[in-house]
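This report is written for a reader who is meeting the structure for the first time. Please keep the sequence and the model in view while reading the sections that follow.

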Amino acid sequence: MNHFQYSNQDLYCEGVKIEDIAEEVSTPFYLYPHATLKQHFNSFNNAFEGIRHLICFSMKSNSNMAILRLFAREGGGVDIVSGGELYRALKAGVNPEKIVYSGVGKRVEDMEYAIKTGILMFNVESRQELYLLNDSAKRLNKIANIAIRVNPDVDAQTHPYISTGLKENKFGIDINESIEEYKIAARLENLNVSGVSCHIGSQLTNLSPFVDTLKKIKGLVKRLGDIDINIKYLDLGGGLGITYDSETPPMPGEYADALKKELNKTELTLIFEPGRVIMGNAGILVTKVLYTKTAGEKNFVIVDAAMNDLMRPSLYNSFHAIQPVKEGEREIITADIVGPICESGDFLAKNRQIGSPVPGELIAVMSAGAYGFSMSSTYNSRPRVAEVMVKEEQYYIIRERESYEDLVSGEKIPDFLE
Ligand SMILES: *Cc1c(COP(=O)(O)O)cnc(C)c1O
């Protein structure tokens, strides 16, 4: 069920007219329908019914506390990549025993914070990290559960910036060399080896890289068992793709079936770290048209959202559908939808066929729920935008628009300049 629908030419989010929200909160803003969030989380979670599993939402895709709380209530945990994310997750009420910690560059302070918190598992990405984590745990008189993030050397067939499972990528430890690291980990007194983890990339639209990875990991688990290193958790990461334009990614049910088939009856507990597949199509960015202009053959639509608000088009040249918030008869033009930032890379869409918009009207940038707000910055001293959640006929501001005071908070002019 799509919770962004037109009724009498007006775009609605669940039961709320988007224009009405814009009048109250101004533009730009991110908008998330509660029903979609819940539906996406549960359809992923339910797809794995019948095997022990835990969904650790990848909170780097969207770390708003209201959203984390919602998933926590549905039984989810989170995958974190920093101490800041741990802080947010705990504040949002996520159960520490459902938190896994990924990332190639964990800082000692952050590891200690996570050890004290008693998280479920560290996904360790290098030998140095193993030793450092063991030392930290020893200092705190604790045992840290670990998985080694292995690099299976599988091509995720996705954008190179979001492909992580090839030998040449910075992530994880080569799957064949990982046995040696597991042996070291097993000897370290303040570590408890409990899992194998991997994450091969993002926006995958084929099942075969996932299945190939699982095959390799099954082999590893068996080899580890042969040397008495017994694995309890298989963390298969995230990466399932979504439809931005005309992609046809597998549904969570198909993904789950393919993995289940490969696993048969397993005693292992599976962990998943989905981000995009849950959030991507559960959020839009609403922005206002400021100006339209032409330069030679080219049409520009200048809107009040920019690359600092939604970085994906500039960063990955990624596609986001553009829809009017009020439908109507219009001339079709080809235009670049651009923001006010002083960079030519500041665009939300390029050479896009759209119904010619007029200044002052609202447009919706679709599929912006994942890696949208969470990647936003204040470049050009633009305050970060508001985030709004709709539930049925009501909307709730889940993050206030930043103020100019927020922009300069923490900055100091030294005495000698006074
Ligand atoms: C980014 C990331 C994810 C989430 O990826 P999606 O493609 O958004 O599902 C999961 N695990 C790790 C380790 C990541 O870095």
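Which residue in strand 3 does Cys-13 stand opposite? Cys-13 stands opposite Val-16.

## About the model

The model is predicted, with local features requiring pLDDT of at least 70 and side-chain atom pairs counting only at pLDDT 80 or more, while totals for chains, interfaces and linings use all residues. Residues are numbered from 1 along each chain as its sequence is written, and side-chain values use heavy atoms, with hydrogens and water left out.

Helices (H or I, at least four residues) and strands (E, at least two) are DSSP runs, numbered from the N terminus, and two strands pair if DSSP finds at least two bridges between them.

## Strand 14 and its partners

Strand 14 (residues 284–295) pairs in the antiparallel sense with strand 4 (residues 29–33) over 3 bridges, and here Leu-31 has Ile-284 as its bridge partner. Strand 14 also pairs in the antiparallel sense with strand 19 (residues 362–365), over 4 bridges, where Lys-288 has Leu-362 as its bridge partner.

A further 6 bridges join strand 14 to strand 15 (residues 298–303), and these two strands run antiparallel; Phe-300 of strand 15 is the bridge partner of Lys-293. The hairpin of strand 14 and strand 15 has 2 residues between the strands, and in this hairpin Gly-296 takes a positive phi near 65 degrees.

Glu-273 is found in the loop between strand 13 (269–272) and helix 10 (276–279). Glu-273 is buried yet has no salt bridge, and Arg-149, the nearest side chain of opposite charge, is 6.5 Å away. Buried means under 20% relative accessible area, exposed over 50% and partly exposed in between (1.4 Å probe, protein chains only), while a salt bridge is a side-chain nitrogen of Lys or Arg within 4 Å of a carboxyl oxygen of Asp or Glu. As for charge, Lys and Arg count as positive and Asp and Glu as negative, whereas His and the chain ends are not counted.

If residues up to four places away in sequence are not counted, Glu-273 touches several residues, including Cys-56, Asp-79, Asn-123 and Asp-235, where contact means heavy atoms within 4.5 Å.

## Aromatic pairs

The structure holds 12 aromatic pairs, a pair being rings of Phe, Tyr and Trp (its six-membered ring) with centres within 6.5 Å, and with planes under 30 degrees apart counted as stacked, over 60 as edge-to-face and the rest as tilted. The rings of Phe-41 and Phe-71 have centres 5.2 Å apart and planes at 15 degrees, so this pair is stacked. Because Phe-41 lies in helix 2 (residues 34–47) and Phe-71 in helix 3 (residues 65–73), the pair ties together parts that are 30 residues apart in sequence. Phe-41 is buried, with a relative accessible area of 0%, and Phe-71 is buried with 2%.

## Helix 5

Helix 5 (residues 108–117) has among its buried residues Met-111, Ala-114 and Ile-115. The elements covering the buried residues of helix 5 include helix 4 (83–91), strand 7 (99–101), strand 8 (121–124) and helix 6 (127–139). Gly-118 follows helix 5 and has a positive phi, near 80 degrees.
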